[in-house]
Amino acid sequence: MTFAVDLPAGRTSLRPAIRLDGEWSYLADPRPQGQQATEETVDWTRHFPGRIAVPGCWQAQTGAAAARAFRFNSHRHRVWYRKRFVLPSEWAGRRISLRLGGVLPAAEVWLNGCALGMTLSSRCPVRADVTAQARPGEDNDLVICISRPELRLDGVFEWIVGGWEGIYRSVQLECHGPAWIRDVFVHGDAQADVGAAWIGVAGRLPTRPPQCELRLTVYAGAEARPHWTAVCPLAGRGRDIRLAIPTGDLPRWSPESPALCRAVVEIHRGGSCLDQVSVRFGLRSLCVKGRRVLLNGQPVFLRGCGDNQCYPATVSPPNSVAFFRQRLSQMKSYGFNLVHAYDLFTEEHLQAADEVGMLVMQTLPFGVVNPVRAVRNAPGPEWRRFLRQELDNIVSSQRAHPALACFSMAGELYFPAQDRTSFRLFNQQLPARTRRLAPHTLVMDTNEGSITTLTTPLGRRDSDLDEPTYARDALRYTPPPKTQRPALAHEYAWWSSYPDIRKRRRYRGLPTEPYWFEEAAIAARRAGLTRELPRFVRNSRALQALLRKEGYEKARLYGFAGYIQWLFHDTLWAVEGIADDFGTPHNVSPQEMRAYNDGTVVLWDDRNRRTFAAESSVVFRFAVAADATAPPPGWRLEVAVRHAGKTWWSESLPVPSTGSAGIVRLRGLRMTLPALARPATADLEARLTCPRRGAITANRWQFWVFPHVPPFAPADGIRVVGTAGPALEQFLGAATAAGTGATTAERLRVACDRLNDEDLNFLSRGGRVLLLSDQALPYYQMADTDVFRTVPWNRGRTGHSGTVVERHRALADFPHEGFCDYAFVNLVIGGWPGERTWPFNLDAWRRVTPIRPIIRLIDHYRAARHKAYLFEARVGAGRLLATCLRIGWGIRHRTPESRRLLQALVNYARSDAFRPRAAVTVESLRQMLNGQRRYED
C-alpha cells in the first residue's frame, strides 16, 4: 500500500470524520536507524510508556534532554507513536481513509498490526485507503514510527538548530461512498472575465438511473447567495473535469484588498448529496514584463522578508491560523508585501496569508543541509524520481492559495557545481512541471545560483526571476549587474545585532534552549564586559537600523524588482530580525519603516556620500518610487534642510507624471551650505504631497557638515615619522624624520604605521606620540572586521557588531551619537586589498592594565575581545594616542571628516588634558606593534 497526496489540502467537507488529535502514547526507540522496523520487531503491548500530544513534535514535549538533542541534532533513533480509538459502526460498508496532515521526516504506519507502508511526503498531507484494515464498531490500534530515511526532503525544518521530528499536523479518519471528490482547483486571471475549475472525481459512479451529477457553486466572498452555478452529468469511473467560470463580477485578490471567494463542489444522485467539498480561492494575476513584476497588470516592488520558521514555544509550526494571521499582519504593518522561507509554509500559514494579503515565496525543501544539499549537484535516478514526485505533490496541494506567488526549485544551487542531469532537473524539468500544475504562479529555478543569464553552457534556464547576492557595505553601493529577468536581492545584506541576554527569561519553561545568550554572557564575563552589554545591544541595533534603511533605498534606486530582507524575526542565534523570536520589535516602529519600505516612497540619491564641507555647494537628487500607478498630475516634493530646529533651506518641485509606475527621478536641487564654527549634523526632509490628499509620504536622512580645517603651521612643533605621504605632511605642517628643517621644539610626534626603537625611547622618556595606522601594521585578516556593516548571520566568532564612542575630550570637536554612524564610514571601512584597517586588539593588556577604548569596536558576541579604533595609554613617562581609523587615506582623498578628526586628535594630544589613566610597558607595546602576539579565533 502506498500513501497519496491528500487533495485539496485546505478543503472542508460533509464527510463523516474522526480526529485523532490529542494525547498519544509514545516510545523513543533505542535501536539505531539502520535496523528495519516491522510488526515482528515491536511488542505492541508493552513498549509505549510515554505520553505525547499530537499535533506537535517530540522535541517540544520531552524535557531538557530533548532540548539539548534539538540543539545538537544528536537524536538518530526512531520515535514511535500509538493511538487506540473506536470507529463508528455506521462506517461499515463504506470506504475509509487515513489522513496524515504532516509527519516529519518520514513515517512507517501500521493499523491493527497491518503495515500500511511509508510516507516520504513530509511537507504535504497524505492519505491511504484503510478500508480493509479498519474495524468499524471495534477498537482500532494505529502505530506510526518516525524515521529518517536516506531518501527524504530537507529544508529549514531539518536545519534550524538541529531539526525536529514528529506528527506535526492533525491525524484523522474519514469515510465516504464509492465515489468521491478527489481534487478541486479554481483559478482565475484578475485581468480576464473567465476562470477555470479543475475537479477530480475518483471511484465508481452508478450507471443506472438516477444518474449522478456534479454541481459547482461559486460564492463571492462571504455572500450567502450563489454567484454562479454549473451542473454536469457523471457516470462510470471517476475522471477529471474542467469547467469555465465567469469571473467578471467577482472581486479581485491583492495585498491591498485580499478578497476571497468560495467554490462548493457536490456529487448528487436523486435527492441525495453523496459528497461535498468546499474550497476558497482568489482571483489575481502575476507575471513578469521585462525586468518588472506585474500584479493584476500593475507593477509591484516586492518588499520581502525572510521567515526561518522558528517557534520557541512549539518548535514545530503552531497548528493555528490565528497565530499566523497575527504574525503576517505584523510583517505587513512594516510595509512588507511578501514573505519567503527555505521550506514550505503549512496550510494554516497559507490560509492566513490569503486572508491578510501577504504574497508568499517558497523554496522547495530539496536540500538545505548536507548531505542532502550535495546530492543536488549530481542526483541519481532514484533521487530524480523522488524529487519530481514530491514537486507534483507539493504544488498540487498548495496551488489553490492566491497568496502563493512563487515556487523556487532549490536554494543556493550553484551553477558551476551542477552536472548536466542536475541542470536538466532543477533548471528545466521541475520549473516546467510547476508551470503545468500552477500556471498562475511565478517560477524560479534557484535562489542565488551564481548566474543571472538565461542561456548557459548546459542549456537555457526556465526561470521568471533571478535572485543574486548583493551585499555592499554602507555608502559603497554600486548598480547591480543587469539581468534578463526581474532581480530580487538575495537575503539582502544580512544586517545583524548583538543578542540581548536580558531576554533569556523569555525562554523559561520553553523547549528551546537559548544557548546563544549563554555564549554571549560567558564571553562578556570572561572579558570583564558584562556591564557594557546593554550599550553593545543598543549601539549594534542603531547601526543595524541605519544600514537597513540605506539598503532598502539603494535597492530600489538601482533597479531591483524587490529584495528579501533576511530576516523579519530573529532565528535564535541569528539576531538579524526587525523583531525577536517572539515578535517583539527591536528598535524600529512600523510607521518609521514604512517611510522607506512601502508602496510609495521618496528616495535620496546621496551618491554614497553623507559628509560635506561647510560653505560648499551641494546638489540634492531625489526620486519617487511608486507601485501600481504612475504619479498623477499635481504631486509635489517639498524639501527642507534643518539643524537644531532651524530651517537652513527649503524648496519644492513638481513630480512629473510619466504614465508608468516605477522610479521617477527628479531634477536636482542646489543648496549652498552655511558657514559653521563647529561640525554639525543636519536633517534632510522630503515630503510628497498632492492638492486633494495632502501629505502622501515623507522621508528623512541625516548628513554631516564640517567647517574648513586649515593646515597646521610649522611652528606647532609636530614631527612626522614613517610613511606619511606628502598630503599628510603638508596638512600637519611637520618636519619629517629625515628632514633638517625643524625650527621649534618637538611637542608631538606623529608616527605613521610603525613605532621603531627610537620612537619607543622617545615615548619612555616622556614624549607624546600620536600613532596613525591605516596600512602597514602586521595585523592578519579576520573575516568581516574591516567593514562598517554588522557581522553577517552571527555565525563564527569574528565580525563587526558595531561601535561604542565615549564622551572624551579627544572627540570634543567631532560630532557623534555614542556610536560610529555615517560620519565614520570612510574612516572605518578598510581599503582592499592594498590598504586595511584593523582594530587594535587590547586583550594582551586587559589583565595587567585594563584600557577603556575611546572608540571601541563591538566584537562578535561569542568572542567579546577588547578591540579599539582609538585608545590612549601611558608608556613609561610618555603618553600614546593610537588609532587605526583611516585618517591618512582620508587626508589624501580630501574628506572633510578626516581633516576634522585629525585636528581634534592633534589638539588633544598636545593639550594638558592628555593624561591617560592606563599604563603599559614599552616591551608589551613593542610586541603588539611587531605582531609577535597573534589573537587567533
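Predicted model: local features only at pLDDT ≥ 70, side-chain atom pairs only at ≥ 80, totals over all residues.
**Entry 1**

I started at Val639, whose bridge partner in strand 40 is Glu651. Strands here are DSSP runs of E, at least two residues long, and helices are runs of H or I, at least four residues long, all numbered from the N terminus. I number residues from 1 along each chain as its sequence is written, and side-chain values use heavy atoms, with hydrogens and water left out.

Back to the strands: strand 39 (residues 636-643) and strand 40 are antiparallel and share eight bridges. I call two strands paired if DSSP finds at least two bridges between them. The open sheet they belong to has five strands in the order 36-44-43-39-40, with mixed pairing. Strand 36 (611-613) and strand 40 (646-654) are its edges; each has a single partner strand, so one side of each has no neighbour in the sheet. Direction ignored, neighbouring strands are turned by 30 degrees against each other on average.

I then looked at what packs on this sheet, and found helix 16 (residues 896-910), touching strand 36 and strand 44 (694-706). The direction of helix 16 makes about 80 degrees with that of strand 36. For such angles, axes are lines fitted to C-alpha atoms, for helices over the stretch in contact, and the angles run from 0 to 180 degrees between N-to-C directions.

Next came an open sheet of seven strands, ordered 30-29-28-27-26-34-33 and paired in parallel. The twist from one strand to the next averages 20 degrees. Inside it, strand 28 and strand 29 (residues 404-408) pair in the parallel sense through four bridges, and Val360 has Leu404 of strand 29 as its bridge partner.

**Entry 1: enclosed elements**

How many residues of helix 4 (residues 347-356) are buried? Nine of the 10 are, so helix 4 is largely enclosed by the rest of the structure. Buried means under 20% relative accessible area, exposed over 50%, and partly exposed in between, with a 1.4 Å probe and protein chains only. Among the buried residues of helix 4 are Glu347, Glu348, His349 and Asp354. The cover includes strand 22 (272-281), helix 3 (321-333), strand 28 (359-363) and helix 6 (381-398). Gly357 follows helix 4 with a positive phi near 90 degrees.

Helix 9 (residues 533-557) gave me a length check. Its 25 residues should span 36 Å at 1.5 Å a residue, and its end C-alpha atoms are 36 Å apart, which agrees. The expected span is 1.5 Å times one less than the number of residues. Of those 25 residues, 21 are buried, so helix 9 is largely enclosed by the rest of the structure. Just after it, Gly559 has a positive phi of about 95 degrees.

Strand 12 (residues 139-147) has eight of its nine residues buried, so it too is largely enclosed by the rest of the structure. Strand 12 runs antiparallel to strand 9 (residues 106-111), joined by six bridges; Val109 has Ile144 of strand 12 as bridge partner.

**Entry 2: the cores**

The largest nonpolar core has 188 residues, and those with the most contacts inside it are Leu732, Leu755, Phe788, Ile855 and Leu902. The largest share of this core, 10 residues, comes from helix 9. A second, separate core of 32 residues includes Trp24, Val79, Leu98 and Val103. I count as a core any set of buried Ala, Val, Leu, Ile, Met, Phe, Trp, Tyr and Cys residues joined through side-chain atoms within 4.5 Å.

**Entry 3: two single residues**

Is Thr456 buried or exposed? Thr456, in strand 31 (residues 455-456), is buried, with a relative accessible area of 9%. A polar atom of its side chain lies 2.6 Å from the backbone oxygen of Gly459.

Lys482 sits in the loop between strand 32 (459-460) and strand 33, and at 70% relative accessibility it counts as exposed. Lys482 touches Arg291 and Thr452, leaving aside residues up to four places away in sequence; contact means heavy atoms within 4.5 Å.

Notes: Polar contact = N/O pair within 3.5 Å; in protein donor to acceptor, adjacent residues only side chain to side chain.
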